[in-house]
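Please view the sequence and the structure first.

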Amino acid sequence: MAELQQGKWRVALVQGDIKLGEPEENRRAMRELLERAVREHPDLDLAVLPEMWNTGYALERIDELADTEGKATREWLSAFAAKHRIHIVGGSIAEKRDGKIYNAMYVFDREGKETARYAKLHLFRLMEEEKYLAPGERNVVFELDGTKAGASICYDIRFPELARTLALQGAKILFVPAEWPHPRLRHWRTLLMARAIENQMYVVACNRVGSGGGSDFFGHSMIIDPWGEIVTEGGEGEEIVTGAVELPLVDEVRGRIPVFADRRPGCYEL
């Protein structure tokens with residue numbers, strides 16, 4: 001807890017494989033990976049999971065597979081966070097709510113309290129998300145021990161308006177769980193670095209590995225600092241990718257290049 005209060009966080013990106021349409025197996029596998037992360041890194045402050053880890057993109061069966069109001073997911077992630085005294089950005093899951101299915105993220109603090117829920121705003125037409133899922137309706141900024149952070153999911157990073165809006169609301173970190181496939185590795189790395197540089201914030205992105213639904217997923221989970229430098233980057237296999245987030249660097253970078261003070265919003269209107 002001392003390190004987190006001083007602004008230096010030890011972060012684990014849980015870069016796992018996902019079994020298409022097998023939520024029970026995926027929950028077991030993610031739990032094992034999280035247990036491995038806290039066992040191998042006793043100083044861990046924060047863990048991040050990938051996108052749609054409970055079902056993968058089994059969209060034709062998503063209505064029967066989705067977690068109703070996220071109950072099963074919320075219960076075990078909350079208990080895990082409290083037991084191990086870590087924050088968890090729970091990637092995202094297929095969530096059934098009010099007769100609709102969402103691609104939804106939950107965030108839990110060290111006490112196991114849920115501090116945020118975010119539903120993916122931009123649905124990816126190449127994977128036909130819009131045919132099966134409902135889009136979220138609002139952006140989300142939440143706090144981790146007093147530090148503001150922003151939520152985004154996968155395709156969201158192609159929309160710089162979202163990241164900038166979150167930064168203007170005070171976010172110093174952007175979290176990005178994803179299922180980003182080959183052959184778009186260059187897009188993944190470039191877009192993540194651009195969001196970090198233009199908003200002078202950390203970008204913490206967790207991508208899945210393995211294959212499913214006709215796509216191959218390449219991992220390369222990353223932590224990128226506010227200068228756009230890569231702090232850590234995973235490979236293409238299942239692993240726990242760890243690195244440090246040093247929050248004072250955000251204020252330092254924003255102080256040296258005053259991007260936000262130099263904005264001219266009135267000139268950007270359509």
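The largest cavity has a volume of about 60 Å³. A cavity is a set of points on a 1 Å grid over the protein atoms alone, where a 1.4 Å probe fits but cannot get out. Grid points are joined across faces, edges and corners, and the volume is the space filled by probe spheres set on the points. The model is predicted: local features need pLDDT of at least 70, side-chain atom pairs count only at pLDDT 80 or more, and totals for chains, interfaces and linings use all residues. Residues are numbered from 1 along each chain as its sequence is written, and side-chain values use heavy atoms, with hydrogens and water left out.

**Cavities and pocket**

The count is 3 cavities of 30 Å³ or more. Which residues line the largest cavity? They are Phe124, Cys154, Tyr155, Arg158, Glu179, Trp180, Pro181 and Arg184; lining residues have an atom within 4 Å of a point. By class, this lining has 5 nonpolar, no polar and 3 charged residues. Ala, Val, Leu, Ile, Met, Phe, Trp, Tyr, Cys and Pro count as nonpolar, Asp, Glu, Lys and Arg as charged, and the others, Gly among them, as polar.

The largest pocket holds about 200 Å³ of space. Its lining has 13 residues, and Tyr57, Leu59, Met127, Glu128 and Gly213 are the closest to its centre. A pocket is an open set of points with protein on both sides within 12 Å along at least five of seven lines. The pocket lining divides into 7 nonpolar, 3 polar and 3 charged residues.

**Salt bridges**

The model has 22 salt bridges. The term means a side-chain nitrogen of Lys or Arg within 4 Å of a carboxyl oxygen of Asp or Glu.

| Pair | N to O distance |
|---|---|
| Arg27 and Glu24 | 3.1 Å |
| Arg28 and Glu25 | 2.4 Å |
| Glu128 and Lys131 | 2.9 Å |

Arg27 and Glu24 are separated by about one helical turn, because they sit 3 residues apart in helix 2 (residues 23-40). Helices (H or I, at least four residues) and strands (E, at least two) are DSSP runs, numbered from the N terminus. Is Arg27 buried or exposed? Arg27 is buried, at 16% relative accessible area, while Glu24 is exposed at 57%. Buried means under 20% relative accessible area, exposed over 50%, and partly exposed in between (1.4 Å probe, protein chains only).

Arg28 and Glu25 are also 3 residues apart in helix 2, so about one helical turn separates them. Arg28 is partly exposed at 39%. Glu25 is partly exposed at 27%.

Glu128 bridges to Lys131 and is among the residues closest to the centre of the largest pocket. Glu128 is partly exposed, with 34% relative accessibility. Lys131 is exposed at 57%.

Asp17, Glu179 and Arg208 are linked in a network of salt bridges. Glu179 also lines the largest cavity.

**Annotated span and a loop residue**

An unreviewed UniProt entry places the feature "domain: CN hydrolase" at residues 9-249. UniProt positions follow the numbering used here, feature names are shortened, and annotations may be inferred rather than shown by experiment. The end C-alpha atoms of residues 9-249 lie 12 Å apart, and the span is 27% helix and 33% strand.

Pro42 lies in the loop between helix 2 and strand 2 (46-48). Pro42 is exposed, at 74% relative accessibility. Pro42 and His84 are 42 residues apart in sequence, yet 9.2 Å apart in space, C-alpha to C-alpha.
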